Protein chains: 2
Amino acid sequence: MTDQTGLRERKKAATKAALGEAAFRLAVAEGAIDAVSADDIAAEAGVSTRTFHNYFHSKEEAFLHDFNELTRALLDDLRERSKVQPIWEALRDSCVGLRLNERYDLHVLQCKDELVRNSPTLITHQAGQFMELFTDAVGIVAEATGTRGDDLYPRLVLGSALIAMKAANEHWLAHPDQAPLEDVITRSFAQFEAGITRPITA
Amino acid sequence: MTDQTGLRERKKAATKAALGEAAFRLAVAEGAIDAVSADDIAAEAGVSTRTFHNYFHSKEEAFLHDFNELTRALLDDLRERSKVQPIWEALRDSCVGLRLNERYDLHVLQCKDELVRNSPTLITHQAGQFMELFTDAVGIVAEATGTRGDDLYPRLVLGSALIAMKAANEHWLAHPDQAPLEDVITRSFAQFEAGITRPITA
DNA sequence: GAGAAATTTTGCGCGAAGCGCAAGTTTCCT
DNA sequence: AGGAAACTTGCGCTTCGCGCAAAATTTCTC
């Protein structure tokens, strides 16, 4: 995702990832991100505090780093798909595809999710990244549908996809063994296709 | 919304509102919320800095205070409507109704919106409030539809409504004279009713 | 009304966040 | 190899956010 160029780039990415993982590890250990300081994270990752702040504005950002990377991957994938598919299908397939390629195990995801749900600051920051994703993606969708960025339809389509993704994710994390994630995602998208007014038969 | 009880309650609400307005005024004057300190806001509102932090965790929260109050009003309204209407209609009518009762003038709204769009921290905090609204509202929707909170459908319905509201708002702020806000909201909801896959005829 | 009880405001002080700056160190390119 | 470019680090500063306890204000009770 962030390589291709020299060794330096790779080292930067490695440090960033290391900081992110350190943040996660410590947060799990302490039970909450607020109980962890920037100093702690820097120490755990083996860099100075100042360096930590060169990479991240806050510990929340560090904690959510890989989530952020995932969304970037999603956008890249979407950009490609939108050239060869109707936008709605592109969105659906990107979302499904992202999760199929996922390297995280269920336990880590649940762990992270719980930490986020219990921390107001984490919720806020995650929501912020979500919103950022939205604004970035609106451009792609608008271009694909040949509409303007501030038109109604692209925002509605994109919003639907994001909500579908979010709802599917949350539902699946709560009941991981009920159905595979990709099925839940597909079902969410189907609901939007059929119109929202009444639930489709599960 | 927050009265009924004694004079003290009203004074508290007044101070809180005053702080919120002070935050807005100063942010407009400086062109960005980051250029305003908590001290400044407290001074402008005529209270001590410490008192400011008794009311708000951060200046962003102060700046978004009235937005927060609006969402609370929306939730109260929704709770009532959901007893006598199908949930989707309740959502639509609550959203439309909220904006019809609006006391803010267009210029203030646009002003605020621009300040938010230009400030990453404000975007983050607004998104956070949005998410909080979501979690609060999921309960209402789940109860109204007789489903569990972690089911798929309530989250999708609610998410749709929020997206419809958000998209309508943004579109309208960008083109205030193209159509009245309530029409744009209605149109957004109609899109979700018809299914998202292709745009309804504008 | 006056004094007691409850609540709010305020100043002080602390630990941490976040960042500019400049010097030291590592990587890159030829 | 050796200079240019980029990264790391320590220092110091400003602001944040909040705990604590004294002072001020409102409410309650008689």
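Biologist: How many residues of chain A are in contact with residues of chain B?

Modeller: This is a predicted model, in which local features need pLDDT of at least 70 and side-chain atom pairs count only at pLDDT 80 or more, while totals for chains, interfaces and linings use all residues. Residues are numbered from 1 along each chain as its sequence is written, with chains lettered from A and ligands numbered from 1 in the order in which they are written. If a contact is two C-beta atoms, placed from the backbone, within 7 Å, chain B brings 34 residues and the number for chain A is 34.

Biologist: Which helix gives the largest share of the side of chain A that touches chain B?

Modeller: Helices here are DSSP runs (H or I, at least four residues) numbered from the N terminus. Those giving two or more residues to this side are α8 (120–145), α9 (152–174) and α10 (181–194) of chain A. The largest share is 14 residues, and that comes from α9(A).

Biologist: What distance separates the centres of the two domains of chain A?

Modeller: An automatic or database domain assignment sets the bounds, giving domain 1 (7–62) and domain 2 (64–194) of chain A. Taken over C-alpha atoms, their centres are separated by 25 Å.

Biologist: Which element supplies the largest share of the domain 1 side that touches domain 2 in chain A?

Modeller: The contact takes 11 residues from each of domain 1 and domain 2 of chain A. On the domain 1 side, α1 and α4 (59–63) of chain A each supply at least two. The largest share, 5 residues, comes from α1(A).

Biologist: How are α8(A) and α9(A) oriented relative to each other?

Modeller: Their axes are 9 Å apart and the packing angle is about 125°; axes are lines fitted to C-alpha atoms over the stretch in contact, with angles from 0 to 180 degrees between N-to-C directions. Under 35 degrees counts as roughly parallel, over 145 as roughly antiparallel, 65 to 115 as roughly perpendicular and the rest as oblique. Therefore α8(A) relative to α9(A) is oblique.

Biologist: Which residues of α9(A) meet α8(A)?

Modeller: From α8(A) come A:Phe134, A:Ala137, A:Val138, A:Val141, A:Ala142 and A:Thr145. The contact has 10 nonpolar, 1 polar and 1 charged residues. The α9(A) partners are A:Tyr153, A:Pro154, A:Arg155, A:Val157, A:Leu158 and A:Leu162.

Biologist: How is α5(A) oriented relative to α8(A)?

Modeller: The axes of α5 (residues 65–81) and α8 of chain A come within 11 Å and cross at roughly 10°. That angle therefore makes the pair roughly parallel.

Technical notes. Ala, Val, Leu, Ile, Met, Phe, Trp, Tyr, Cys and Pro count as nonpolar, Asp, Glu, Lys and Arg as charged, and the others, Gly among them, as polar.
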